[in-house]
Amino acid sequence: MPFRMDGGQGAMEIGAWRALAAKGEAPAGQVLRKEYLPEEVKEVEGKERTIRFVISTGSVDRDRDTIAPAGWKFDAFKKNPVVLWAHDYRKLPIAKAVEIEVRDDKLVATAEFATADMNPLAESVYRMLKGGFLRATSVGFEPKRHVYNEDRRGVDFVEQELL
């Protein structure tokens, strides 16, 4: 799960952020992105153009980090529950999240994809997902509380706001 971040002061290399986190000085207001290859990407029966994803779990990722499923905050996200392609805030959304919840220690999202006439990219992504050509998901979040894990040399995100 590659780890990228950027925030109000511009992009910061993960190595620099980790070094600050290890000293308890990680900057606030940063936007973090974590990719996840879910075990489950499936169309929701009876709901046209709707797919359910596991988008995050609490397991240790390849960056040696964890994201606590119970720590997700959704209030701001639910006000505008858009699904973006590649976290590109400058483009129109490809879908809307019609459900977002923590289930069985996993963050699960159900997304309804825009039609081809609304957004041709959304149609392409939807068809690629259905065809098995796309499988990875990612979450963008702002860490609210985290702890640097010395043994693992990773970050344990305890509370985070979904973006």
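**View 1. Arg 49 and the ring of Tyr 126.** In this close-up of a predicted model, Arg 49 lies over the face of Tyr 126, at 4.5 Å from the ring centre; a charge counts as sitting over a ring if NZ of Lys or CZ of Arg is within 6 Å of the ring centre and within 35 degrees of the ring normal. Local features need pLDDT of at least 70 and side-chain atom pairs count only at pLDDT 80 or more, while totals for chains, interfaces and linings use all residues. Residues are numbered from 1 along each chain as its sequence is written, and side-chain values use heavy atoms, with hydrogens and water left out.

View 2. The buried residues of H3 (residues 120-130) are Ala 122, Glu 123, Val 125, Tyr 126 and Leu 129, where buried means under 20% relative accessible area and exposed over 50%, with partly exposed in between (1.4 Å probe, protein chains only). Because they cover an arc of only 165° around the axis, these residues are on the same side of H3, the arc being that of the directions from the helix axis to the C-beta atoms. On the other side of H3, Pro 120 and Arg 127 are exposed. Just after the helix, Gly 132 takes a positive phi of about 80°. Helices (H or I, at least four residues) and strands (E, at least two) are DSSP runs, numbered from the N terminus.

**View 3. The aromatic cluster of Trp 72, Phe 141 and Phe 157.** Ring pairs link these three residues into a cluster; rings of Phe, Tyr and Trp (its six-membered ring) pair if their centres lie within 6.5 Å, and planes under 30 degrees apart count as stacked, over 60 as edge-to-face and the rest as tilted. By this rule there are three aromatic pairs. One of them, Trp 72 with Phe 141, is edge-to-face, at 5.7 Å centre to centre and 85° between the planes, and it joins strand S7 (residues 72-73) to strand S11 (residues 137-149) across 69 residues. Phe 141 and Phe 157 also form an edge-to-face pair, with 5.2 Å centre to centre and 80° between the planes. Since Phe 141 lies in S11 and Phe 157 in strand S12 (residues 154-162), this pair ties together parts that are 16 residues apart in sequence.

**View 4. Strand S5 beside strand S10.** Eight of the eight residues of S5 (residues 50-57) are buried, so the strand is largely enclosed by the rest of the structure. S5 and S10 (residues 106-113) pair in the antiparallel sense over seven bridges, two strands being paired if DSSP finds at least two bridges between them.
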